[in-house]
Amino acid sequence: MDAIWKPGVHKTGIMGGTFDPIHNGHLALADNAYYQLKLDQILFLPARIPPHKQNRPEGATSSQRLHMTRLAISDYPYFSLDQEEMNRDGVSYTKDTLLRLKNSEPETEFFFIIGADSLMSFDTWYHPEIICSCCHLVAAIRDDIPLKILQRKAEELRTRFQASVFLLDIPKMDISSTRLRDFRKHGKSIRPYVPAAVADYIEENDIYGGHGQNEQL
């Protein structure tokens, strides 16, 4: 881990995703990465068309997802929004985004933050070897995937792609965007799971089929 602590080197975390909607689990993962890895900032990059979710169920529009992300990170001075993937035509590949960032900031160390399930399937991504050449991989430890399996996968990626992999220990949060969309569809409140400004925006714009209902769980 000594490579992370080079004096004077700027360290930027990257949080990609559909954020449909963004929730407290996303924010907790980014916040823990910021503090545990002593990062300087974290960029949130909502994807317009992610390769693994090209046929995802209808949810919020791209502009709504972008706005929700902006609302969610507004209270964190070290979080910022990068709209490049939203403005890109076609599928948003992580490889292209990281090459763009690395070419524009060659001296910056980038830390790509993902979930444990994404780490387990990382070798199926588009050009994983290029991704690994541009950044460190940072994955959250999850209770439903044993630590030994995650460690074994991290070692496999280090051997196969010369990857730099870090595992984050974060508080368990049993929430997902899919579950929140389902809550809204059935008229249940999502307020315990998203920032208040995001909940207000979803309710005001009747996103995810809530139809104005706001029942408590």
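These are my notebook entries on a predicted model of one protein chain.

**Ground rules**

I number residues from 1 along each chain as its sequence is written, and my side-chain values use heavy atoms, with hydrogens and water left out. Since this is a predicted model, I ask for pLDDT of at least 70 for local features and count side-chain atom pairs only at pLDDT 80 or more, while totals for chains, interfaces and linings use all residues.

**Overall look**

Helices (H or I, at least four residues) and strands (E, at least two) are DSSP runs, numbered from the N terminus.

Next came burial, where buried means under 20% relative accessible area, exposed over 50%, and partly exposed in between (1.4 Å probe, protein chains only). Of the 217 residues, 46% count as buried. I get an accessible surface of about 10,900 Å² for the chain, with 49% of it belonging to carbon and sulfur atoms; the method is Shrake-Rupley with a 1.4 Å probe, and for residues only the protein chains shown count as cover.

I also checked contacts (heavy atoms within 4.5 Å). Among contacts with a separation of 6 or more, 76% come from residues 24 or more positions apart.

**Helix H1**

How far apart are the end C-alpha atoms of H1? They are 18 Å apart, which agrees with the 18 Å that the 13 residues of H1 (residues 24–36) should span at 1.5 Å a residue. The expected span here is 1.5 Å times one less than the number of residues.

I listed the buried residues of H1 too: Gly-25, His-26, Leu-27, Ala-28, Leu-29, Ala-30, Ala-33 and Tyr-34. Just after the helix, Lys-38 takes a positive phi of about 55°.

**Cores**

I then searched for nonpolar cores, meaning sets of buried Ala, Val, Leu, Ile, Met, Phe, Trp, Tyr and Cys residues joined through side-chain atoms within 4.5 Å. The largest has 36 residues, and Met-15, Ile-22, Ile-42, Phe-44, Met-68 and Phe-79 touch the most other members. Elements that each supply at least two residues of this core include H1, E2, helix H2 (62–73) and strand E4 (109–114). H1 gives the largest share, five residues.

I followed up on Phe-79: leaving out residues up to four places away in sequence, Phe-79 touches Leu-27, Ala-30, Asp-31, Ile-42, Phe-44 and Ile-73. A second, separate core of 24 residues includes Ile-14, Phe-122, Ile-145 and Phe-161.

**Aromatics**

Rings of Phe, Tyr and Trp (its six-membered ring) pair if their centres lie within 6.5 Å; planes under 30 degrees apart count as stacked, over 60 as edge-to-face and the rest as tilted. My search of the whole structure finds 14 aromatic pairs.

Phe-44 and Phe-79 form a tilted pair, 5.0 Å centre to centre with 55° between the planes. Phe-44 lies in strand E2 (residues 41–46) and Phe-79 in strand E3 (residues 79–81), so the pair ties together parts 35 residues apart in sequence. Phe-44 counts as buried at 0% relative accessibility, and Phe-79 does at 6%.

I noted Phe-122 and Phe-161 as an edge-to-face pair, 6.4 Å centre to centre with 80° between the planes. Phe-122 is in the loop between helix H5 (116–120) and helix H6 (128–134) and Phe-161 is in helix H7 (residues 147–161), so this pair ties together parts 39 residues apart in sequence. Both Phe-122 and Phe-161 are buried.

One aromatic cluster is made of Phe-19, Tyr-34, Tyr-35, Phe-44, Tyr-76, Tyr-78 and Phe-79.

**Salt bridges**

I count a salt bridge when a side-chain nitrogen of Lys or Arg is within 4 Å of a carboxyl oxygen of Asp or Glu. The structure holds 13 of them.

- Arg-142 and Asp-144 meet at 2.4 Å, N to O; Arg-142 is partly exposed at 32% relative accessibility, whereas Asp-144 is exposed at 53%.
- Arg-158 and Glu-155 have their closest N and O atoms 3.2 Å apart, and being three residues apart in helix H7, they are separated by about one helical turn.
- Arg-191 and Asp-200 meet at 2.4 Å, N to O; both are partly exposed, Arg-191 at 31% and Asp-200 at 32%.
- Asp-123, Lys-153, Glu-156 and Arg-160 are linked in a network of salt bridges.
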